[in-house]
Amino acid sequence: MKTMILNKKFYRHKTLRVAKNLIGKYLVREIDGKKLRVKIVETEAYLGKSDKASHAFKNKRTDRTKYLYRCGGTVYIYLIYGIYYCLNIVTSSVYKPHSVFIRAAEPIEGIKEMKQFRKKNINDLKELTNGPSKLCQSLKLDKTFNGKKVYNPDSELVIMSSENVEKNYKINKSPRINIDYAREDKDKKWRFYLSNSEFCSN
DNA sequence: CTTGCGATCGCCT
DNA sequence: GGCGATCGCAAGC
C-alpha cells in the first residue's frame, strides 16, 4: 500500500474522529527542494463554538481566527507567548470553526535539516518534535502558511496516509494540555496519542 | 490608545 | 518544580 496525500474529504468529519485518524499519518514539508517528513503521534481536538479552550469559542471571529472558518484541510498557525508558533488543521464543515492541534511527531526524513532549523544543539532525536512549537521550528512553519491547504499537492505542507501498519496502532486519549482556563471543558478527553511512542510531548 | 495575557520552551533551582 | 522571554492580539476604555 502506497502512501498518498489525504484528500479534502478526510477532514470533513467530526473533529474528534479526525484528531484520532491523524495519529500515524505523515506530515510532509517541502523546503528548498528538500523533503522533511514526520509521523504525527499526538493531537488535540478544539471544537469551536462550544469549546471554552478554542480560539473560536462562541464563534469568535477575528483577523487571527478567520482561517478556522475555512474548509477542512486549511492550515491555521498562530503565535504564542510572542515567540512560538503552533500548527492546527481545520476540520469539519465550513462555518464550524473546528480544528486539530498537532502536538508532537516522530522525525522520519530530513533530520539533518530539522536540526538546523531548531535553535539549540539536539542530540536526542525526540527533542526535535516532541512539542507543538518544537515541531513548527523543525519544519520551519510560521504564519505565512495560514490559509494553505494540506490536501493540495502544490502546497509546501501536506499530510499523507501511512502504510497499512497503522491498523496495529493503539491510540490513547487524555485531557488536553495547558488549558486550565477552559473551566468545565478542561477535563474533556480530547487529546489523542500513539500508545508507547517515546515521541509524545511531556 | 492602553493593557493583560497566552493551545510553549528552555533554563534555573 | 518554577519562572522569564516577548509580542500579537483582543477587549476595554
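The term belongs to a scheme in which buried means under 20% relative accessible area, exposed over 50%, and partly exposed in between, with a 1.4 Å probe and protein chains only.

The model is predicted: local features need pLDDT of at least 70, side-chain atom pairs count only at pLDDT 80 or more, and totals for chains, interfaces and linings use all residues. Residues are numbered from 1 along each chain as its sequence is written, chains are lettered from A and ligands numbered from 1 in the order in which they are written, and side-chain values use heavy atoms, with hydrogens and water left out.

**Stop 1: salt bridges**

Lys186 and Asp187 form a salt bridge whose closest N and O atoms are 3.5 Å apart; the term requires a side-chain nitrogen of Lys or Arg within 4 Å of a carboxyl oxygen of Asp or Glu. The count by this rule is 14 salt bridges.

Next, select Asp185 and Lys188, which form a salt bridge with a closest N to O distance of 2.6 Å. Asp185 is buried, at 4% relative accessibility, whereas Lys188 is partly exposed, at 32%.

Then move to Lys148 and Glu156, whose side chains meet in a salt bridge of 3.6 Å, N to O. Lys148 is partly exposed at 32% relative accessibility, and Glu156 is partly exposed with a relative accessible area of 36%.

**Stop 2: Arg191**

Select Arg191, which is placed in strand 8, residues 191-194. Helices (H or I, at least four residues) and strands (E, at least two) are DSSP runs, numbered from the N terminus. Is Arg191 buried or exposed? Arg191 counts as buried because its relative accessibility is 10%.

Show the side chains of Glu42 and Ser174 as well. The side chain of Arg191 makes a polar contact of 2.8 Å with that of Glu42, and another polar contact, of 2.9 Å, joins the side chains of Arg191 and Ser174. A polar contact is a pair of N or O atoms within 3.5 Å; within protein, one must be able to donate a hydrogen and the other to accept it, and residues adjacent in sequence count only if both atoms are side-chain atoms.

Neighbours within four places in sequence aside, the residues in contact with Arg191 (heavy atoms within 4.5 Å) include Asn172, Lys173, Pro175 and Ser201.

**Stop 3**

Select Asn178, in the loop between strand 7 (171-174) and strand 8. Asn178 has a phi near 55°, a positive value in a residue other than glycine, and is exposed at 70% relative accessibility. Arg183 is found in the loop between strand 7 and strand 8. Arg183 has a positive phi near 45° and is exposed, with a relative accessible area of 61%.

**Stop 4**

Display DNA strand B. Of the DNA strand B atoms within 4 Å of the protein, 53% belong to sugar or phosphate, the rest to bases.

- Tyr78 has a polar side-chain atom 3.2 Å from a base nitrogen of DNA strand B.
- Tyr84 has a polar side-chain atom 3.2 Å from a sugar or linking oxygen of DNA strand B.
- Gly131 has a backbone N or O atom 3.5 Å from a phosphate oxygen of DNA strand B.

Strand 3 (75-80), strand 4 (84-91), strand 5 (98-109) and helix 3 (132-138) are the elements that give two or more residues to this surface.

**Stop 5: the hairpin**

Finally, select strand 3 and strand 4, which run antiparallel and are joined by six bridges; two strands pair if DSSP finds at least two bridges between them. Ile80 has Tyr84, in strand 4, as its bridge partner. Three residues lie between the strands of this hairpin, where Tyr81 takes a positive phi near 55°.

Technical notes: A residue is near a molecule or strand if one of its heavy atoms lies within 4 Å of it.
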